[in-house]
Amino acid sequence: MSVRELVVLGTASQVPTRHRNHNGYLLRWDGEGILFDPGEGTQRQMLRAGVAAHDIDRICVTHFHGDHSLGLAGVIQRINLDKVPHPVSAHYPRSGQRFFDRLRYATAYRETVALLEAPVDTDGPLVRTPGYTLEARRLSHPVEAYGYRLVEPDGRRMLPDRLAAHGIKGPDVGRIQLEGSLNGVALEDVSEVRRGQRFAFVMDTRLCDGVYALAEGCDMLVIESTFLDEDEELALDFGHLTAGQAARVAREAGVRHLVLTHFSQRYPDPEEFERQARAAGYEADLTVARDLDRVPLPKRR
C-alpha cells in the first residue's frame with residue numbers, strides 16, 4: 001500500500017530551541033523519500049523519527065542559510081556510510097554551489113553512493129518521474145531561494161454504474177483501461193479524470209508570484225510562518241511571511257491541508273499561529289507543525 005506523508009524533523013527558525021530542532025522535512029511519496037532543507041541536527045532527528053538514510057532518494061534545499069542546510073554534511077556522509085543502494089539526487093540554488101561543495105566535502109569520508117548534483121537556476125520542471133513532476137519557483141529572500149512543488153499526473157477513475165451499463169466487467173475492465181476502448185466503448189465513456197495530488201514546500205520568502213504559483217491547488221502546502229501578524233514589518237524586512245499571510249495564500253490557492261512551520265523563538269505560544277491563520281479566513285485542515293509530527297496527505301479527491 002502506498003504511503004504519502006510528511007515527516008517533520010525540525011520546525012525552528014534561525015536557531016533551535018529546547019523543543020524545536022532546526023528545519024528538516026521528509027516527504028514519503030509512495031516508495032520514494034524526498035528530504036527538504038536539512039538543517040543542523042537532521043541526522044539525529046531522523047533517528048528519533050524512524051527515518052533511515054536508505055529512505056532518502058532526493059534532497060531539495062531551498063536556500064543556503066544555515067538553518068536550512070547545515071545538516072547536509074552529516075546527511076550526505078550518513079548516506080555514504082550506510083551504502084545506500086540507489087543514487088541520490090540533490091537540488092539547490094546554483095548560486096550556492098560553493099556552499100554545497102563545502103558541505104558535501106566538509107570532512108574526510110569514503111564516497112560509496114552516487115550523489116547526483118542537479119542545481120536550480122530557473123523556474124519550471126526539474127525532473128519527471130512516473131509518480132510526479134518536480135517543479136521549482138523563485139522566491140523573495142535576501143539570498144537566492146526556490147520553493148518546490150510535486151505534481152502527480154492525472155489518472156482515471158472507473159465508474160461502476162457506467163461499466164455495468166455497457167456490460168463491462170471482470171478482465172474486460174483491465175482491458176479497456178489498457179487499450180483505451182473495447183467493443184466500441186471508449187475509456188472516457190466509463191471513467192472520469194482523477195486529479196493527481198499536488199504538494200508544495202515554501203520556505204523563507206516574502207509574498208511573491210512564486211509563492212502563489214507553488215501553492216495553487218495543492219493538497220498539502222508546507223509553508224513558513226516565521227512571524228505573527230503584528231510583526232509584519234519585520235517579516236518584510238527579513239524576507240519572511242506571517243501566519244496570516246501564509247493562511248491567505250492557502251485560502252486563495254484552494255489548499256486542502258495547510259502546514260505552518262519555521263517559527264521564530266520570540267513567540268512562546270504556538271497556538272497563536274493557528275488562531276491568526278483561522279482569523280485570516282482559512283477553514284480547511286490546518287497543522288501547526290511540531291518536531292516529529294507525521295502528517296498524512298489528504299485522501300484523493
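A word on the ground rules. This is a predicted model, in which local features need pLDDT of at least 70 and side-chain atom pairs count only at pLDDT 80 or more, while totals for chains, interfaces and linings use all residues. Residues are numbered from 1 along each chain as its sequence is written, and side-chain values use heavy atoms, with hydrogens and water left out.

Now the overall picture. The protein chain has ten helices and 18 strands. Its radius of gyration is 21 Å, close to the 19 Å that the globule rule gives for 301 residues, so the chain is as compact as a globular protein of that length. For that comparison, the radius is taken over C-alpha atoms, and the rule is 2.2 Å times the number of residues to the power 0.38. The C-alpha trace spans about 65 × 50 × 35 Å along its principal axes.

How much of the chain is buried? Of the 301 residues, 54% count as buried. Buried means under 20% relative accessible area, exposed means over 50%, and partly exposed is in between, with a 1.4 Å probe and protein chains only. As for contacts, meaning heavy atoms within 4.5 Å, look at those with a separation of 6 or more: 66% of them join residues 24 or more positions apart.

On charges, there are 38 positive and 44 negative side chains, and the centres of the two sets lie 5 Å apart. Lys and Arg count as positive, Asp and Glu as negative, and His and the chain ends are not counted. Each charge is placed at NZ of Lys, CZ of Arg, CG of Asp or CD of Glu.

Back to helix H1, which runs over residues 42-49 and has Thr42, Gln45, Met46 and Ala49 buried. Seen down the axis of H1, these buried residues fall within an arc of 105 degrees, so they line one face of the helix. The arc is that of the directions from the helix axis to the C-beta atoms. As a reminder, an α-helix has 3.6 residues a turn, so residues three or four places apart point the same way. On the other side of H1, Arg44, Leu47 and Arg48 are exposed. What do the buried residues of H1 pack against? Their partners are strands S1 (4-10), S2 (24-29), S3 (32-36) and S18 (294-296), together with helix H3 (72-81).

Next, helix H9, residues 243-253, which is mostly covered, with eight of its eleven residues buried. Among the buried ones are Ala243, Gly244, Val249 and Ala253. The cover over the buried residues of H9 includes helices H7 (209-215), H8 (232-238) and H10 (271-279), as well as strands S15 (220-224) and S16. Just after H9 comes Gly254, with a positive phi of about 75 degrees.

Strand S16 (residues 257-261) holds His257. At 10% relative accessibility, His257 counts as buried. Neighbours within four places in sequence aside, the contacts of His257 include Asp219, Met220, Tyr282, Asp285 and Pro298.

Asp37 is not a glycine, yet has a positive phi of about 45 degrees. Asp37 sits in the loop between S3 and H1, and its relative accessible area is 0%, so it is buried. Leu292 has a positive phi near 75 degrees and lies in the loop between strand S17 (285-288) and S18. At a relative accessible area of 28%, Leu292 is partly exposed.

Where is Pro16? Pro16 is in the loop between S1 and S2 and is partly exposed, with a relative accessible area of 44%. Not counting residues up to four places away in sequence, Pro16 touches Asn21 and His22.

Lys299 is in the segment after S18. Is Lys299 buried or exposed? At 75% relative accessibility, Lys299 counts as exposed. Lys299 still touches Gln197 and Arg256, again leaving out residues up to four places away in sequence. Gly155 is 144 residues from Lys299 in sequence, with 15 Å between their C-alpha atoms.

Conventions
Helices (H or I, at least four residues) and strands (E, at least two) are DSSP runs, numbered from the N terminus.
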